[in-house]
Amino acid sequence: MENCIFCALAEKRLKPWLVLESDNCLAFLDSNPVAPYHTLVIPKAHFDNMLDVPVPVLQDVTELIHQVCQLYTQKLGIDSYQIFNNSGPHSAQTVNHLHFHILPRFEGDAIKFYATRMPELVKQYPEMLDKLK
Ligand code: AMP
Ligand code: ZN
């Protein structure tokens with residue numbers, strides 16, 4: 001897709017800090033990392049996010065995520081990861097080409113994810129689950 005920065009990386013119109021590549025996916029270092037080896041994994045084909053990606057593509061992405069974690073553990077001894085995706089306008093999605101973050105975590109690192117817990121929601125679970133029927 002034109003004007004998509006991750007399509008440009010996938011098509012090698014821009015050069016990624018490439019970690020691993022499979023037939024359908026790329027893993028590369030984030031250009032504004034929050035940790036050493038902060039990595040993004042994308043399908044080469046353009047999908048906006050989790051809402052439009054077909055399952056087989058997601059399986060390919062998941063396989064490469066797994067390979068990256070294995071590589072970092074074997075080569076670097078990293079033993080902890082947070083793996084996350086932002087999808088949609090009210091998430092923190094800033095690039096509208098599906099991507100998963102692999103964030104290696106280290107003992108005593110300074111990364112903090114703050115979210116206020118809402119235990120009062122538990123009493124609404126029956127109605128919430130009913131809406132899914
Ligand atoms: P998100 O906020 O989940 O959409 O994450 C987008 C990520 O893409 C951010 O962590 C950016 O630092 C990263 N990013 C943006 N442009 C590039 C680029 N050209 N190469 C590598 N990472 C990028
Ligand atoms: Zn794209």
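**Figure 1. Overall fold of the chain, with its 3 helices and 5 strands.** In this predicted model, the elements follow one another along the sequence in the pattern α-β-β-β-α-β-β-α. Taken along the principal axes, the C-alpha atoms of the chain fill a box of roughly 50 × 40 × 25 Å. The chain has 133 residues, and buried residues make up 35% of them.

**Figure 2. Ligand 1 in the largest pocket.**

**Figure 3. Polar contacts between the protein and ligand 1, shown for Ser 31, Thr 94 and His 99.** On the nitrogen side of the description, a nitrogen atom of ligand 1 lies 3.1 Å from a backbone N or O atom of Ser 31. With His 99 the contact is made through the side chain, a polar atom of which lies 2.9 Å from an oxygen atom of ligand 1. Taken alone, ligand 1 exposes 500 Å², and the protein buries 81% of that area.

**Figure 4. Cys 7 and Cys 25, two buried cysteines.** Cys 7 counts as buried because its relative accessibility is 2%, a value under the 20% cut-off that defines the term. Cys 25 has a relative accessible area of 0%, and therefore it is buried as well. The closest cysteine sulfur to that of Cys 25 belongs to Cys 7, but the two sulfur atoms are 13 Å apart, which is too far for a bond, because a disulfide requires a pair of cysteine sulfur atoms within 2.5 Å. In the structure as a whole, the number of disulfides is 0.

Technical notes:
Residues numbered from 1 in each chain as written. Chains lettered and ligands numbered in written order. Predicted model: local features only at pLDDT ≥ 70, side-chain atom pairs only at ≥ 80, totals over all residues. Heavy atoms only, no water. Buried < 20%, exposed > 50% of the residue type's maximum accessible area, 1.4 Å probe, protein only. Polar contact = N/O pair within 3.5 Å; in protein donor to acceptor, adjacent residues only side chain to side chain. Areas by Shrake-Rupley, 256 points an atom, 1.4 Å probe, with all protein chains shown as cover. 1 Å grid on protein atoms, 1.4 Å probe; cavity = no way out; pocket = protein on both sides within 12 Å on 5 of 7 lines; lining within 4 Å. Sits in = over half its atoms within 2 Å of the grid points. Helix = DSSP H or I, 4+ residues; strand = E, 2+ residues; numbered from the N terminus.
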